[in-house]
Amino acid sequence: MGRQSLPLSLYDRRPPSSAKLLWAGKNPGVSTSLSPISSPARAKWDLRGQLVRGERAGSLLIHGDAGKALDELLATTGEQSVAGAVKLCYIDPPYNTGERFAHYSDRTDRAEWLTALHDHLVTARQLLAPDGSLWLHLDDSEQHRARCVLDEVFGEDCFVATIVWQKRTTRENRKAFSSMHDYIHVYAPAGPKAWKKVRNGLPDEGAFSNPDDDPRGPWRSIPMSVQAGHATSSQFYSVVTPTGVHHAPPPGRCWAYTADRLAELDAQGRVYWPSGGNGKPRLKRFQSEVTGLAPFTIWPADEVGDTGSAKRSLLSEFPDRQAFDTPKPLGLLERIIEIATDPGDVVLDYYLGSGTTAVASQRLGRRWVGIEQSLRTIEEFALPRLGAAWDAFPGEGFAFAQI
Ligand SMILES: C[S@@+](CC[C@H](N)C(=O)[O-])C[C@H]1O[C@@H](n2cnc3c(N)ncnc32)[C@H](O)[C@@H]1O
């Protein structure tokens, strides 16, 4: 889909943040040292782990604390190294809602929560590829503070977007407002402009046809007028159609192209004149040239699923188990992975939970590294789900390691 590789030099441009969040116990030194840290001793575990599926491990499930496991990943060299190669890091940490779930506690002292977030992000950023991105999923409990931490670790101009995901569709009357959304903050070390060149757009599902047998293949037409906000005077003129009808731009709008450029496009057969040549000009967009649509920042439940559908799906897979409280829908992760990566790329999730990110990666032919602190969650959900995903979509294989 027209992806390009980015020069390595982009990776290290990180202007200082103009504002910083302070909290008790913040480690002042960590955020400034982004060059590779000195390797900690790696005697405690073997990153290759125990092979679970396949003949050689292209992916890795790690049982252990995110901080320790990230340090080990960063220090690992040679064939097993993923440092500087992670194309997508998606994380869905405990949100610090104050709740105690059956499989993990979501209640942490705020300063500790921020310290963990910050220190893990510093390491995760070093694992990212130059054209990679990090997606942090949160709710209103901490998301505004987390944005400040992300700005500090990545640099303010590495912010790409905040996605609002519709997590529920039913009303919750116990609170003052019925919260129906979460936030997913997206940062790219290369910055949004450069990252746009490597990310995948969404499939353009518009109807294409070829009523005039254009040798360039099927096309559809899109309006040639745009909002007048940033227009220059050369975009306001009267268009004359092939049949001699005059059209001014619609109110509040201007033509997308100057008169000269419109004439050029017309000469190339790229302009469609509707109503038998009397209508306003429209641009012919050929299916072969479409590189994908820019994703919206609001993702409705009917497109990617919600918490309810994710729980129901997990419950149908494991009807006899106590439900995992906070699984994310496979559709949500599949969309993220398809935007941010290509087949064969490495996806990292260091709060893996029931394994959704790794399952979606396996299904889409990506390599993955998942880290989860709860052995119970791994044994009850992540490992069986991943085994089934590999059986249905076999790839290189995956290993299970413990710190
Ligand atoms: C919100 S859940 C993730 C849910 C996951 N996205 C899914 O679809 O199932 C957060 C997970 O992070 C794990 N976790 C919390 N602190 C951790 C840490 N320091 N290291 C590794 N995992 C941790 C919890 O045990 C929990 O399973």
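Is the crossing of α9 and α10 right-handed or left-handed? Before turning to that pair, keep in mind that the model on screen is predicted.

Begin by selecting residues 330-340, which form helix α9, together with residues 356-363, which form helix α10; the two pack at an angle of about 60°, and their axes lie 9 Å apart. That angle makes α9 oblique to α10, and the crossing of the two helices is right-handed. To see where they touch, show the side chains of Leu330, Leu333, Glu334 and Ile337 in α9, which meet Thr356, Thr357, Val359, Ala360, Ser361 and Arg363 in α10. Sorted by class, this contact has 5 nonpolar, 3 polar and 2 charged residues.

Next, select the ligand and the 19 residues around it, of which Ala66, Asp92, Ser354, Thr356 and Glu372 come nearest. Zooming in on Asp92, you will find a polar atom of its side chain 2.7 Å from a nitrogen atom of the ligand. At Ser354, an N or O atom in the side chain is 2.6 Å from an oxygen atom of the ligand, and for Glu372, too, a side-chain N or O atom is 2.6 Å from an oxygen atom of the ligand.

Finally, move to helix α1, residues 66-75, and helix α2, residues 110-127, which pack at an angle of about 30° with their axes 10 Å apart. The two helices are therefore roughly parallel to each other, and α1 passes α2 in a left-handed crossing. Here Ala66, Gly67, Leu70, Asp71, Leu73 and Leu74 in α1 meet His120, Thr123, Gln126 and Leu127 in α2, a contact whose residues divide into 5 nonpolar, 4 polar and 1 charged.

How values were computed. Residues numbered from 1 in each chain as written. Predicted model: local features only at pLDDT ≥ 70, side-chain atom pairs only at ≥ 80, totals over all residues. Heavy atoms only, no water. Axes fitted to C-alpha atoms, helices over the stretch in contact; angles between N-to-C directions. Helix = DSSP H or I, 4+ residues; strand = E, 2+ residues; numbered from the N terminus. Parallel < 35°, antiparallel > 145°, perpendicular 65-115°, else oblique. Left-handed = near helix turned anticlockwise from the far one by under 90°. Contact = heavy atoms within 4.5 Å. Nonpolar A, V, L, I, M, F, W, Y, C, P; charged D, E, K, R; others polar. Near = heavy atom within 4 Å. Polar contact = N/O pair within 3.5 Å; in protein donor to acceptor, adjacent residues only side chain to side chain.
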